[in-house]
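Subject: Structure handover

Hi there,

Here is the structure I promised to pass on. Please have a look at it first, and then read on for what turned up.

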Amino acid sequence: MEGGILAYLDHVAKRNEANVEAASQRESHGNHTAQQDESNASTNSTFKGECFVFDKRVALTEGLKPSKSYVSCYGCRGPMDRRLLLQ
């Protein structure tokens with residue numbers, strides 16, 4: 001995929017939003033089928049976790065949302081688990 005993993009994470013998030021919206025419309029119109037459920041399940045991402053990026057965002061999740069789990073280490077600027085800040 002052109003754009004690499006970040007383009008993939010953005011693409012998957014947009015596709016999932018479109019699937020949710022389409023399912024909601026089908027339900028409101030009474031056109032919901034089990035086959036559509038199977039089709040939507042197959043479009044879910046197999047990506048698990050977060051993607052490290054080399055900028056102030058540190059890591060991104062699907063939809064290119066900034067990580068809530070990692071922050072930049074003040075010493076080396078590498079990713080650091082946010083829970084370590086509380087210790």
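Let me start with a question: does F54 count as buried or exposed? At 77% relative accessibility, F54 counts as exposed. Before going further, please keep in mind that this is a predicted model.

**Aromatic rings**

The count of aromatic pairs comes to one. The pair is formed by F52 and F54, in an edge-to-face arrangement with 4.6 Å from centre to centre and 85 degrees between the planes. The angle is over 60 degrees, so the pair falls in the edge-to-face class. F52, the partner of F54 in this pair, is partly exposed, with a relative accessible area of 33%.

**Salt bridges**

There are three salt bridges by the count. In one of them, K14 is joined to D10, and the closest N and O atoms are 3.1 Å apart. Both residues sit in helix α1, which covers residues 4–29. K14 and D10 are four residues apart there, which means that about one helical turn separates them. K14 counts as exposed, at 52% relative accessibility, whereas D10 is partly exposed at 22%.

Another salt bridge brings together the side chains of D55 and R57, at 2.7 Å from N to O. Here D55 is partly exposed at 37% relative accessibility, and R57 is partly exposed as well, with a relative accessible area of 32%.

The side chains of D81 and R83 also meet in a salt bridge, at 2.5 Å from N to O. R83 counts as exposed, with 60% relative accessibility.

Where is S67 placed? S67 lies in the loop between β2 (59–60) and β3 (70–72). At 8% relative accessibility, S67 is under the 20% cut-off and therefore counts as buried.

The side chain of S67 reaches two backbone nitrogens: that of S69 at 2.9 Å, and that of Y70, also at 2.9 Å. Leaving aside residues up to four places away in sequence, S67 touches E50, R57, A59, L60 and R82. R57 in that list is the residue whose side chain meets D55 in a salt bridge.

If you open the model, the loop holding S67 and the ring pair of F52 and F54 are the places I would show you in a viewer.

Best wishes

Definitions and conventions
Residues are numbered from 1 along each chain as its sequence is written. This is a predicted model: local features need pLDDT of at least 70, side-chain atom pairs count only at pLDDT 80 or more; totals for chains, interfaces and linings use all residues. Side-chain values use heavy atoms; hydrogens and water are left out. A salt bridge is a side-chain nitrogen of Lys or Arg within 4 Å of a carboxyl oxygen of Asp or Glu. Helices (H or I, at least four residues) and strands (E, at least two) are DSSP runs, numbered from the N terminus. Buried means under 20% relative accessible area, exposed over 50%, partly exposed in between (1.4 Å probe, protein chains only). Rings of Phe, Tyr and Trp (its six-membered ring) pair if their centres lie within 6.5 Å; planes under 30 degrees apart count as stacked, over 60 as edge-to-face and the rest as tilted. A polar contact is a pair of N or O atoms within 3.5 Å; within protein, one must be able to donate a hydrogen and the other to accept it, and residues adjacent in sequence count only if both atoms are side-chain atoms. Contact means heavy atoms within 4.5 Å.
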